[in-house]
Amino acid sequence: MQLENLAYALTQVIHNFGAAAVVGGAFFALKAKSDQLQLRNCMAWLVLIAWGAQGASGMIFGGVSLYFYGEFPDLHAVAMGALAIKVFCAASGFMLAAFYLRSAAQWSEKGRHRAWHALTGLGATALIAAAF
């Protein structure tokens with residue numbers, strides 16, 4: 001196996017688990033009962049870390065290309081648009097999860113529920129954009 005293929009494969013594993021945790025963690029918290037605040041906080045940490053892993057592994061993909069080929073991947077317009085959507089979702093999801101952890105205890109149940117809807121939507125949108 002070539003070293004760059006191993007690097008891409010290991011990065012893809014991190015990226016895939018991050019995607020699963022972003023979508024699954026947010027959806028799980030969305031469906032949790034309103035009195036399960038500790039569970040939702042655990043899911044918020046999972047989602048926060050997963051969004052961080054998504055961002056880091058995305059940058060590592062570019063780094064692997066730069067290291068082994070001396071240039072970033074050649075992305076066409078559709079792929080570049082999808083990447084922009086994924087970066088937006090990752091940044092927004094990371095910030096919202098961090099904000100949730102910092103201040104959701106003072107929010108109404110409706111506000112917490114909306115945050116989980118938004119986090120689920122951001123995760124699903126990023127996952128759909130990855131197909132392009």
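**A buried arginine and its surroundings**

Author: The side chain of R40 has a polar atom 3.3 Å from the backbone oxygen of A29, a polar contact in the sense of a pair of N or O atoms within 3.5 Å, where, within protein, one must be able to donate a hydrogen and the other to accept it, and residues adjacent in sequence count only if both atoms are side-chain atoms. Please keep in mind that this is a predicted model, in which local features need pLDDT of at least 70 and side-chain atom pairs count only at pLDDT 80 or more, while totals for chains, interfaces and linings use all residues. Residues are numbered from 1 along each chain as its sequence is written, and side-chain values use heavy atoms, with hydrogens and water left out.

Reader: Where does R40 sit, and is R40 buried or exposed?
Author: R40 is in helix α2, residues 37-69, helices being DSSP runs of H or I with at least four residues, numbered from the N terminus. R40 is buried, at a relative accessible area of 1%, where buried means under 20%, exposed over 50% and partly exposed in between, with a 1.4 Å probe and protein chains only.

Reader: Which residue forms a salt bridge with R40?
Author: The partner is E109, with N and O 3.0 Å apart; a salt bridge here is a side-chain nitrogen of Lys or Arg within 4 Å of a carboxyl oxygen of Asp or Glu. This pair joins distant parts of the chain, since E109 belongs to helix α4 (residues 109-130) and R40 to α2, 69 residues apart. E109 itself is partly exposed, with a relative accessible area of 27%.

Reader: What else does E109 form a salt bridge with?
Author: E109 also pairs with R112, the closest N and O atoms being 3.4 Å apart, and both of these residues lie in α4, 3 residues apart, about one turn of the helix. R112 is buried, with 10% relative accessible area, and R40, E109 and R112 are thus linked in a network of salt bridges.

Reader: Switching topic, how many disulfides are there?
Author: The search of the whole structure finds 0 disulfides, a disulfide being a pair of cysteine sulfur atoms within 2.5 Å. C42 is partly exposed at 40% relative accessibility, whereas C89 is buried at 2%.

Reader: And which residues have the most contacts inside the largest nonpolar core?
Author: They are V47, W51, Y100, W116 and L119, in a core of 21 residues; such a core is a set of buried Ala, Val, Leu, Ile, Met, Phe, Trp, Tyr and Cys residues joined through side-chain atoms within 4.5 Å. Helices α1 (3-31), α2, α3 (77-103) and α4 each supply at least two residues of this core, and the largest share, 6 residues, comes from α2.

Reader: What is Y100 in contact with?
Author: Setting aside neighbours within four places in sequence, Y100 is in contact (heavy atoms within 4.5 Å) with R40, N41, A44, W107, R112, A115 and W116. Y100 is one of the buried residues of α3, which also include A82, C89 and G93, and the cover over the buried residues of α3 includes α2 and α4.
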